[in-house]
Amino acid sequence: AGIHGNREMLAFLRNQGKFFCAAQNRELDLMLVDYADPGRNVYEVTEEFYWRNGRYGNREDVVFLINGIPVVVVECKNADKDVGIALGIDQIRRYHTESPELFIPQMAFTATDALGFDYGATWNTVRRNLFHWKHGQVGQLEAKTKSFFAIPHIFKLLKDYILFAEKDEVLGKFILQQHQTAAVEKVVARAHDAVKRRGLVWH
């Protein structure tokens, strides 16, 4: 379970899994999310997402689901607290400890105090791997929320911008920052340029 189950689930969300179809007596490709035709998916947002595992009960503030699968969690704190986002991230850490089952399907999390909006990958709550979502001005929570949760952006996160890597036989999980995703997209576009043949990234 844990981060290894999360990695396996991400492969399923990327439609890399298979299932046995008894009617056809063969394995078929498993498609959990239709990336080619986004309108065929069901998108839901729910408040007070409650989970009890027999020992602990935890209630996530807001959860974003695709086809019934909870993929992103949001923790909301009061703007009048100087450490609102930090409190939200602490809550995410507590959920990891008390209800790790929650984070098998949940791939990313965000924390907001109505002014700032930070995001990171589940199973990695180290502060240096949490980032500010830079869209709009400080305090423009609606603009930040709409841009982060725009379906094309969520699809890119799920398909391309959440990574797993092993170091010293320990599996780690990472999410790309905005400038990194922008660089990747420019490199891919440049590599597909039919005319230009030299140079991809100047750094």
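Student: In which sense do strand E1 and strand E2 pair, and over how many bridges?

Tutor: Two strands pair if DSSP finds at least two bridges between them, and strands are DSSP runs (E, at least two residues), as helices are (H or I, at least four), numbered from the N terminus. In this predicted model, local features need pLDDT of at least 70, side-chain atom pairs count only at pLDDT 80 or more, and totals for chains, interfaces and linings use all residues. Residues are numbered from 1 along each chain as its sequence is written, and side-chain values use heavy atoms, with hydrogens and water left out. Here E1 (residues 17-21) and E2 (residues 26-30) pair in the antiparallel sense over 5 bridges. Lys-18 has Asp-29 as its bridge partner in E2.

Student: How many residues lie between E1 and E2 in the hairpin?

Tutor: There are 4 residues between them, and Asn-25 in the turn has a positive phi of about 55°.

Student: Where is Asn-78 found, and which residues does Asn-78 touch?

Tutor: Asn-78 belongs to the loop between strand E5 (69-76) and helix H2 (84-98). Contact means heavy atoms within 4.5 Å; leaving aside residues up to four places away in sequence, Asn-78 touches Gly-84 and Asp-113.

Student: Why is Asn-78 classed as partly exposed?

Tutor: Buried means under 20% relative accessible area, exposed over 50%, and partly exposed in between (1.4 Å probe, protein chains only). Asn-78 is partly exposed because its relative accessible area is 47%. Across the protein chain, buried residues make up 40% of the 203 residues.
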